[in-house]
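Let us walk through this structure step by step. We start with a pair of helices and then turn to charged side chains.

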Amino acid sequence: MSACINGLCRAVTVSLFSLSFFFSFSSACSNGNCQMLDSCSSATDCASGLYCGDCPAVGSTKPVCTRGQATIPTSIINGLPFNKYTWLMTHNAFSNANAPPLPGVDRITFYNQEDTITNQLQNGVRGLMLDMYDFNDDVWLCHSLRGQCFNVTAFQPAINTLREVETFLSQNPTEIITIIIEDYVHRPKGLSTLFANAGLDKYWFPVSKMPKKGEDWPTVTDMVQDNHRLLVFTSVAAKEDEEGVAYQWRYIVENESGDPGVKRGSCPNRKESQPLNSKSSSLFLMNYFPTYPVEKDACKEHSAPLAEMVGTCLKSGGNRMPNFLAVNFYMRSDGGGVFEVLDRMNGPVLCGCQTLAACQPGAAYGSCKNVTLQTRTPNMDSTAGSYSGASYTGSVQFSKSLASAVYPRNTIVVFCFSWLPLLMFLL
């Protein structure tokens, strides 16, 4: 059993008899007083911005309070060029494990996230990777087989997701969102019409104002003032002239995605991208997700290996900090996760401090607050109480996880054998 004093948990030694008697009633900190890495047994135990979860992949089988929301860097240091900041981006943001399939269809595909676009944005995600296809006489979000969407890999019409983005932008007038489209839309003016119908054209950052030779972007203050708060990039070069949608590879350098992007000590550029240290593009997207997404492994991936890879990519980029960090299952970690890594990426660039939490608005560069970085080992107290699965506080309430969204046994057999050739192309 453990007790709380002033919001901190202290292990209390009990006899085996007492443990067996009180086990069902014991808990770690409660009523929102538990801090990061304190033991917990329910969502309400943890402080705001934290959730109660575990990470068996690193040996943490007992739940602890885990960070679940990003600090928006412009809320600490504002007014700098857009390309000076690092933003959280979700890979295949639409690929929600809890999204219902099409009526009468068993979806057979990979999943990359666990919550809605709205929840992602509320938790500090500011970049969305979306795969768009012609499907059912509309533009859909979908995984694919060689550029074609199928009903077993389709999610929903893209306009539904874009309307979520529009709602968020209208309700948060100082926020900026970036959308990167893996583009398989062939209908004339398909993208421009789609964004206009979603009401997003009024936030559009015009291609004519995007820096073409690696210069700084406008300041975030100017972007907000001009209401140019939506950056959209496509993988199809012709659409820049045809529809005014920026061609990604003219403005962004990017490391290799999938397994090559998580290989320790290596951060190669994608074949479509200029070298990461190129001065011709002023935005840098860092991919960090394996080829085949596995929810239970994400918490391990988002711990020390992610922080190490940031250093590797920083070096490959000529000491330029990535502007976007793209991940799967962004909430999963063994403590601070991608959110802590983002703070450590933003701090040195924005204010010269080790972490964003040490930055002081209005102070001289390098004037840092004394902050304690969370580096201690998670509390592994075996008396922390029972636990029935990840519970989330803040703006996210997950009722189930990817692990519980598996297919019936007979479906899995079909998945493993009949659909194996299809799966090679779904990412």
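At what angle do helix α3 and helix α4 pack? The angle between α3 (residues 158-171) and α4 (residues 190-197) is about 50 degrees, and their axes lie 9 Å apart. Axes are lines fitted to C-alpha atoms, for helices over the stretch in contact, and angles run from 0 to 180 degrees between N-to-C directions. Helices are DSSP runs (H or I, at least four residues), and so are strands (E, at least two), numbered from the N terminus.

This is a predicted model: local features need pLDDT of at least 70, side-chain atom pairs count only at pLDDT 80 or more, and totals for chains, interfaces and linings use all residues. Residues are numbered from 1 along each chain as its sequence is written, and side-chain values use heavy atoms, without hydrogens and water.

Which residues meet between α3 and α4? Ala 158, Ile 159, Leu 162 and Arg 163 of α3 touch Leu 194, Phe 195 and Asn 197 of α4. Contact here means heavy atoms within 4.5 Å.

Now the salt bridges. The whole structure holds 15 of them. A salt bridge is a side-chain nitrogen of Lys or Arg within 4 Å of a carboxyl oxygen of Asp or Glu. One joins Glu 114 and Arg 332 (2.6 Å, N to O). These partners are 218 residues apart in the chain. Both Glu 114 and Arg 332 are buried. Buried means under 20% relative accessible area, exposed over 50%, partly exposed in between (1.4 Å probe, protein chains only).

Another salt bridge joins Lys 84 and Asp 216 (3.7 Å, N to O). Lys 84 is partly exposed at 33%, and Asp 216 is partly exposed at 43%.
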